[in-house]
Amino acid sequence: MPYSGLYPIALATSDFNNDGKLDVVFFSQANNSLFMLPGNGNGTFRALIRSRLSYTSISLERISVGDFNLDNKLDIAFTDSYATSMSVLFGSGNGTFGNLRRFSTGSASYPQGIAIGYINHDNYSDIVIADRMYDKLTIYLGNRNGNFSAQQVLSTGKETAPYSISVIDVNDDNHSDIIVINYYDRNIGIFLGYGNGTFDEQKTFFTGGGIYPCYMTLGDLNNDSKQDIVFSTTGKTIGIMYGYGNGSFHEKIKYKAESIETISPVIIKDFNNDGHLDIIYGQIGPYGVGLLVGDGNENFHVQTIFSTTFQGEVTEIIVGDFNTDGYQDIIAADSASGSMNLLLNAGVCNTTQNSIETSTSIH
């Protein structure tokens with residue numbers, strides 16, 4: 001059964017019960033709970049494990065995974081826009097979560113984007129939150145017991161609506177930098193870090209007129225050992241900015257997709273094991289997952305992976321090798337049916353095939 005009635009949102013994957021196999025976690029707004037699907041390592045999953053939240057959530061947005069209290073058990077951090085908070089759920093190591101700690105993001109705030117990184121080189125995971133209402137990023141520096149302090153606020157500019165964020169080193173100085181999608185300003189902002197919790201002034205790179213950038217991810221797409229940016233837009237396109245390795249990026253390149261759902265994130269992985277990164281994104285018409293197969297030379301071939309079980313928008317995507325065959329698989333959440341669909345990778349992603357059909361639901 002496709003978990004009808006749970007309506008999964010905010011998916012993540014990792015080994016949450018320490019058995020060496022990938023599991024899946026997701027929030028259910030219908031049940032005010034976090035659910036964990038224990039993986040068997042062969043593309044199947046065991047019964048759901050439920051962890052109830054200690055408060056009523058209205059609008060969970062994004063989740064990230066890390067070990068915030070250094071107990072070798074994975075925890076979860078997430079934003080809740082209507083509750084104006086960032087929260088951490090501490091894991092027990094057996095697939096259950098408890099001891100929720102909430103951190104206010106300010107009255108009337110709208111926290112959305114969330115990213116985890118090591119901002120000040122103290123080996124404790126730090127969290128960065130994007131606030132769309134107040135056009136700012138807040139850095140929460142972590143300590144050994146899983147507590148956080150709001151150390152610094154970075155302005156993205158008036159009426160910019162920061163949306164999606166990443167923490168990664170983009171100028172090769174071994175310090176974490178912050179990259180942010182500024183939705184209303186239609187640009188990508190770069191805050192270069194000094195390694196001590198402070199950052200340089202924001203540099204911005206325009207993503208194009210008439211459309212708005214939504215989600216992004218980073219990776220080395222052209223094999224030059226420099227980080228590149230991939231972003232989705234409201235204009236049914238995928239944008240790519242190639243990095244110089246100094247915190248600056250080339251002029252954008254756009255790929256017109258057959259259809260794209262802008263509330264779906266973009267993910268970079270090597271899906272055909274050719275040593276070159278590929279790009280996936282959620283799409284509608286047909287419902288499914290779009291794939292840009294890369295050749296490492298800044299060329300991409302558009303391919304569609306679709307499932308007969310999809311009934312509506314693909315709102316969430318996660319990637320992992322769920323059957324341990326060496327290929328990256330996809331789990332996509334379908335908003336209309338409230339289901340999750342496992343798309344097993346048969347290794348046929350290439351630059352000649354235009355579509356792949358699969359219809360495996362998670363039971």
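Reader: Which strands form the open sheet, and in what order?
Author: In this predicted model, the open sheet consists of 4 strands, arranged in the order β9-β10-β11-β12. Their pairing is antiparallel.

Reader: What holds strands of a sheet together in general?
Author: Strands of a sheet pair through backbone hydrogen bonds, in either a parallel or an antiparallel manner.

Reader: And which strands are at the edges here?
Author: The edge strands are β9, residues 111–117, and β12, residues 148–155. Each of them pairs on one side only.

Reader: By how many degrees are neighbouring strands turned against each other?
Author: On average the angle between neighbouring strands of this sheet is 20°, with direction ignored.

Reader: How many bridges join β11 and β12?
Author: Strand β11, which covers residues 136–142, pairs with β12 over 7 bridges in the antiparallel sense. Within β12, Ser149 is the residue that stands opposite Leu141.

Reader: New topic: how much space lies in the largest pocket?
Author: The largest pocket holds about 1,100 Å³ of space. It is lined by 35 residues, and the closest to its centre are Ile63, Ser64, Thr217, Val266 and Ile267.

Reader: Which elements give two or more residues to that lining?
Author: They are β1 (8–14), β5 (60–66), β9, β13 (162–168), β17 (213–219), β21 (266–269) and β25 (314–320).

Reader: Which one gives the largest share?
Author: Strand β13 does, with 6 residues.

Reader: What is the lining like by class?
Author: The lining of the largest pocket comprises 23 nonpolar, 8 polar and 4 charged residues.

Notes: Residues are numbered from 1 along each chain as its sequence is written. This is a predicted model: local features need pLDDT of at least 70, side-chain atom pairs count only at pLDDT 80 or more; totals for chains, interfaces and linings use all residues. Side-chain values use heavy atoms; hydrogens and water are left out. Two strands pair if DSSP finds at least two bridges between them. Axes are lines fitted to C-alpha atoms, for helices over the stretch in contact, and angles run from 0 to 180 degrees between N-to-C directions. On a 1 Å grid over the protein atoms alone, a cavity is a set of points where a 1.4 Å probe fits but cannot get out, and a pocket is an open set with protein on both sides within 12 Å along at least five of seven lines; lining residues have an atom within 4 Å of a point. Grid points are joined across faces, edges and corners, and a volume is the space filled by probe spheres set on the points. Ala, Val, Leu, Ile, Met, Phe, Trp, Tyr, Cys and Pro count as nonpolar, Asp, Glu, Lys and Arg as charged, and the others, Gly among them, as polar.
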